Amino acid sequence: LVITLLVFLLGIMIGTQISQSTSSQLQKDLEKLSSQTYVLELLSQSGTGLCAFYESQVKEFDVETAEFGSKLDFLEKSRGSEDPQVIELKAQYSLKEVRDFLLLQRINNLCGKKFVLVLYFYSNKDCLQCRQQGYELTSAKQAMPEKIMVYSFDSDLDSPVVKALKQIYEVKSMPAIIVDGR
């Protein structure tokens, strides 16, 4: 009985350690992604001469952002959507996604429209349609990764940025999809 209890406690401690290190790594990854966004924001001030560069950087950056989103989704599923670290990471990620969205709008304007920008608002609370639309958007993104940029926002987050976007685009119910501002 004592050995069983020790093995059980050891398993809990290892699981907690892995979960904490995952959260720390996600924080570092998010800081890296934010730095990359900042560099592109600065470069976009130089005008249209770098359009080919912007496009290549955005594509590379999109892959890294998608990987981060998958890791964050995994963390949320393993810890739950009410976990304080999950909520904080999602809030920071939402802010980063808004910066990316605004940057891509600027690049589209500078270089001629190249990317279809999709804002997706969802809820994790009793929304089966949200899950289905999420899968459909993932499929569309996989079918045209060079063309579609999807920015997903958890409407249940108490985030001023998400609230502002919902107000700007008059989002009243979930799920909601805004494609190129419509």
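Where is the place of Glu170? Glu170 sits in the loop between α5 and β3, and the paragraphs below lead up to that loop from the overall fold. The model is a predicted one, in which local features need pLDDT of at least 70, side-chain atom pairs count only at pLDDT 80 or more, and totals for chains, interfaces and linings use all residues. Residues are numbered from 1 along each chain as its sequence is written, and side-chain values use heavy atoms, with hydrogens and water left out.

The protein chain has 5 helices and 3 strands. Here helices (H or I, at least four residues) and strands (E, at least two) are DSSP runs, numbered from the N terminus. Read from the N terminus on, the order of elements is α-α-α-β-α-β-α-β. Of the 182 residues in the protein chain, 37% are buried. Buried means under 20% relative accessible area, exposed means over 50%, and partly exposed is in between, with a 1.4 Å probe and protein chains only. The protein chain exposes about 11,000 Å², and carbon and sulfur atoms supply 59% of that area. Such areas come from the Shrake-Rupley method with a 1.4 Å probe; for residues, only the protein chains shown count as cover. Among contacts in the protein chain with a separation of 6 or more, 76% are between residues 24 or more positions apart. Contact means heavy atoms within 4.5 Å.

The next topic is a helix pair. Two packed helices are described by the angle between their axes and the distance between the axes. Helix α2 (residues 51–79) packs with helix α3 (residues 84–111) at an angle of about 160°, and their axes are 11 Å apart. The axes are lines fitted to C-alpha atoms, for helices over the stretch in contact, and angles run from 0 to 180 degrees between N-to-C directions. The two helices are therefore roughly antiparallel to each other; the cut-offs are under 35 degrees for roughly parallel, over 145 for roughly antiparallel, 65 to 115 for roughly perpendicular, and oblique for the rest. α2 passes α3 in a left-handed crossing, a term used if the near helix is turned anticlockwise from the far one by less than a right angle, with right-handed used if clockwise.

On the α2 side the contact includes Tyr54, Phe61, Thr65, Phe68 and Leu72, and on the α3 side it includes Gln85, Leu89, Tyr93, Leu104 and Ile107. By class, the contact of α2 with α3 has 14 nonpolar, 3 polar and 5 charged residues. In this count Ala, Val, Leu, Ile, Met, Phe, Trp, Tyr, Cys and Pro are nonpolar, Asp, Glu, Lys and Arg are charged, and the others, Gly among them, are polar.

Thr65 lies in helix α2 and is buried, with a relative accessible area of 8%. The C-alpha atoms of Thr65 and Tyr93 are separated by 9.4 Å, and these residues are 28 apart along the chain. Gln85, in helix α3, is partly exposed at 37% relative accessibility. Gln85 and Gln27 are 58 residues apart in sequence and 9.7 Å apart in space, C-alpha to C-alpha.

Two further residues belong to helix α3. Ser94 is in this helix and is buried at 4% relative accessibility. Not counting residues up to four places away in sequence, Ser94 touches Phe153, Leu157 and Val162. Gln105 is also placed in helix α3, but is partly exposed, with a relative accessible area of 31%. With the same exclusion of residues up to four places away, Gln105 touches Leu117 and Tyr169. The C-alpha atoms of Gln105 and Val116, 11 residues apart along the chain, are separated by 9.5 Å.

Lys113 is in the loop between α3 and β1 (116–122) and is exposed at 53% relative accessibility. Lys113 touches Asn108 and Asp180, not counting residues up to four places away in sequence.

Some backbone geometry remains. Most residues other than glycine have a negative phi, and most peptide bonds are trans. Asp126, in the loop between β1 and α4 (128–143), has a positive phi near 50° and is exposed at 84% relative accessibility. Glu170 has a positive phi of about 55° although it is not a glycine, and is exposed, with a relative accessible area of 61%. Pro175 is found in the loop between α5 (160–168) and β3 (176–179). The peptide bond from Met174 to Pro175 is cis, with omega near -5°.
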